[in-house]
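Student: Can we go through this one together? I'd like to ask about a few residues.

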Amino acid sequence: MNKIDSHQHFWKYDVNKFSWISDDMPVLKEDFLPEKLQTILAANGIEGTVAVQALQNPEETQFLLDLAEKFHFILGVVGWVDLNSDQLSATLHAYAPFSKLKGFRHLLQDEADPEYILRPAFQRGLAEVFEAGYSYDLLVFPHQLDGVIQTVSNFPEGNFVLDHLAKPSIRKGEIQEWGQRIRDLSSHPRVYCKLSGMVTEADWQEWKATDFFPYLDLVMESFGEDRLMFGSDWPVCNLAANYDQVSSILEKYLEGQPHRVQNKIWAENARHFYRL
């Protein structure tokens, strides 16, 4: 079965640039570059990946594009661009020659304002992103989903994908309020969801695969087999699980599903959404 990892990161570790990596995350305090991932992908039968931004500056996008040019397994890049900038249109035009640039993302989870996404300048920026043919990754917490739902309503033509199931607190078993918002969001047919980032929302030491099944059940019921895609969130996943363990969660969950359904979630939906 073909497999694509729709969500992973690369970085050259710098204590100042990656200040979110705290002292209780020593496993992340090193460089994570394609040479390190290549062997892991081969061992897990992953044919290619989508590299997603981890820093909010133009250099980050170019860094990922340069890696994608050198390493063919990087099938697509989700970069960062300043949606609030008056120069956004010119910036997007300058990116046109880079065929592996598929979309953009902002670290909305780090914004204190839960409705930051609804700010007029940001909304105008989204309009330009979609007009230029790019998709948008949504990195938010559950309490920010109301603004996301309003936003996808504002852009029925926009291609959105929700990262990490919106990071429900699996550790605490919180599902009700998150689940209702997920159902509301999924009613918009151009919104996809990544099955990624779950292990770091669980107990890092004590999780088991079945902890994630109620959340997977809900997104499967809500988004359906055509709008879900696998993502490892490597190397962040290393806080709680290695790549093999992350992959095995979805393998266990999808046991018994028709090959056609498994193939969509493992590869074809990512290929379709990101135009890989």
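Student: Where is glutamate 201 found?

Tutor: Quick note before that: this is a predicted model, where local features need pLDDT of at least 70, side-chain atom pairs count only at pLDDT 80 or more, and totals for chains, interfaces and linings use all residues. Residues are numbered from 1 along each chain as its sequence is written, and side-chain values use heavy atoms, with hydrogens and water left out. Helices (H or I, at least four residues) and strands (E, at least two) are DSSP runs, numbered from the N terminus. Glutamate 201 sits in the loop between strand E7 (191-195) and helix H7 (213-223).

Student: Is glutamate 201 buried or exposed?

Tutor: Buried means under 20% relative accessible area, exposed over 50%, and partly exposed in between (1.4 Å probe, protein chains only). Glutamate 201 has 13% relative accessibility, so the word for it is buried.

Student: What kind of aromatic pair do tryptophan 11 and tryptophan 20 form?

Tutor: Rings of Phe, Tyr and Trp (its six-membered ring) pair if their centres lie within 6.5 Å; planes under 30 degrees apart are stacked, over 60 edge-to-face, the rest tilted. The search of the whole structure turns up 21 aromatic pairs. For tryptophan 11 and tryptophan 20, it's 5.9 Å centre to centre and 90° between the planes, making the pair edge-to-face.
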